[in-house]
Amino acid sequence: MNTISGRVISGRIDAHHHLWQYTRDEYGWIDEQMGVLRRDFLPRDLKPLLEGAGISGAIAVQARQDLEETRWLLGLAEEPANAGWMKGVVGWAAIAAEDFSETLGELRASARLRGLRHVIQDEPDDQFILNPEFNRGIRALRDTGLVYDILIRARHLPQTVRFVDMHPDQPFVLDHCAKPAIATGEIEPWATQMRELAKRPNVCSKLSGLVTEADWQRWTPASLEPYWRVVLEAFGPGRLLFGSDWPVALLATSYQRWVDIVAEWLRPLAKSEQEAIWGGNARRVYSL
């Protein structure tokens with residue numbers, strides 16, 4: 001299933017990218033080592049990359065924990081110039097807040113809202129995902145059709161299994177394969193814990209973010225492949241979603257190179273399985 005430069009292949013979805021208007025204060029997580037990210041990344045920057053890689057649609061994901069950013073992303077997705085390919089937004093809201101239901105009602109007025117995400121990985125309390133107030137907010141998502149994207153690091157997997165078990169009817173998508181420690185070559189206990197999490201049928205995983213967990217300068221496709229093998233075994237082709245994590249991925253790779261690596265990994269799979277990972281699963285899970 002080769003990508004064909006300049007030809008959009010109907011149905012392919014990039015299930016994870018970011019957009020922002022950069023300021024140092026608002027994007028403080030972009031440190032001095034990430035200089036390539038210290039600029040604006042807007043729809044006009046992404047669209048040619050999608051077209052070049054044969055991808056017809058994309059889902060924008062929050063990059064800072066601010067309601068105004070979520071409103072901005074929804075507005076971009078509704079603009080006529082973007083509406084054809086910006087298929088949805090995974091935004092941020094204060095899920096643990098007492099007034100979350102009211103905020104959720106406001107955001108759901110936009111048909112482009114497909115999910116929410118909180119940056120669990122940066123919370124000082126490693127048990128945050130089990131916080132009662134946070135889980136009260138997650139319960140409010142039930143029956144809305146919205147996905148909750150789980151952004152954690154590998155050390156949070158045991159708590160995440162407990163969290164998911166509290167919400168068996170809520171669809172979850174794990175971002176970046178829970179960020180395994182690829183740079184140091186560690187695969188356990190991440191692999192065992194990923195297999196455990198994948199036993200929950202309401203959890204999918206994005207095939208994204210692996211290059212930035214590796215050594216940015218020295219990684220090779222071979223160094224990433226054992227981690228790909230684990231997620232394929234654990235979740236199967238029916239619960240994996242392609243994502244670029246652009247522009248963050250630019251720290252370690254180009255958009256096209258990541259697409260090409262994934263295409264090579266998927267090549268041995270059946271055509272229907274490849275199509276599911278490239279876009280079918282994203283359309284089903286996010287109701288695109």
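In this predicted model, helices α2 and α3 cross in a right-handed sense. Helix α2 covers residues 67-78 and helix α3 covers residues 100-107; the two pack at an angle of about 20°, and their axes are 11 Å apart. Angles under 35 degrees count as roughly parallel, and α2 and α3 are therefore roughly parallel to each other. On the α2 side the contact is made by L67, T70, R71 and L74, and on the α3 side by T103, E106 and L107. Sorted by class, the residues of this contact of α2 with α3 are three nonpolar, two polar and two charged.

Helix α5 spans residues 157-165, and α5 packs with α6 at an angle of about 5°, with 10 Å between their axes. That angle makes α5 and α6 roughly parallel to each other as well, because the cut-off for this term is under 35 degrees. From α5, the residues L157, P158, T160, V161 and V164 take part in the contact, and from α6 the residues W190, Q193, M194, E196 and L197. The contact of α5 with α6 counts seven nonpolar residues, two polar and one charged.

Helix α6 also packs with α7. Here α6 is residues 190-198 and α7 is residues 221-235, the angle is about 25°, and the axes lie 8 Å apart. Under the cut-off of 35 degrees, α6 and α7 are therefore roughly parallel to each other. The crossing of α6 with α7 is right-handed. In α6, W190, A191, M194, R195 and A198 meet a set of α7 residues made up of Y227, V230, V231, E233, A234 and F235. By class this contact of α6 with α7 has nine nonpolar and two charged residues, with no polar ones. W190 and M194 of α6 take part in the contact with α5, and W190 and M194 also meet α7.

The backbone comes next. Most residues other than glycine have a negative phi, and most peptide bonds are trans. In the loop between β6 (172-174) and α6 lies P189. The bond joining E188 to P189 is a cis peptide bond, with omega about 5°. Another cis peptide bond runs from W246 to P247, where omega is near 0°. P247 sits in the loop between β8 (240-242) and α8 (255-266). The loop between α4 (132-140) and β5 (147-150) holds D143. D143 is a residue other than glycine with a positive phi, near 70°.

What remains is the empty space in the model. Rolling a probe the size of a water molecule over the atoms shows where empty space is left. The largest pocket holds about 530 Å³ of space. Its lining consists of 24 residues, and W29, Q121, D122, R153 and K179 are the ones nearest the centre of the pocket. The lining of the largest pocket divides into eight nonpolar, seven polar and nine charged residues.

How many cavities of 30 Å³ or more does a search of the whole structure find? The search finds one. The volume of the largest cavity is about 40 Å³. S244, W246, A249, L250, T253, S254, Y255 and W258 form its lining. Of these lining residues five are nonpolar and three polar, and none is charged. W246, in the lining of the largest cavity, is also the residue from which the cis peptide bond to P247 runs.

Key:
Residues numbered from 1 in each chain as written. Predicted model: local features only at pLDDT ≥ 70, side-chain atom pairs only at ≥ 80, totals over all residues. Heavy atoms only, no water. 1 Å grid on protein atoms, 1.4 Å probe; cavity = no way out; pocket = protein on both sides within 12 Å on 5 of 7 lines; lining within 4 Å. Points joined across faces, edges and corners; volume = space filled by probe spheres on them. Nonpolar A, V, L, I, M, F, W, Y, C, P; charged D, E, K, R; others polar. Axes fitted to C-alpha atoms, helices over the stretch in contact; angles between N-to-C directions. Helix = DSSP H or I, 4+ residues; strand = E, 2+ residues; numbered from the N terminus. Parallel < 35°, antiparallel > 145°, perpendicular 65-115°, else oblique. Left-handed = near helix turned anticlockwise from the far one by under 90°. Contact = heavy atoms within 4.5 Å.
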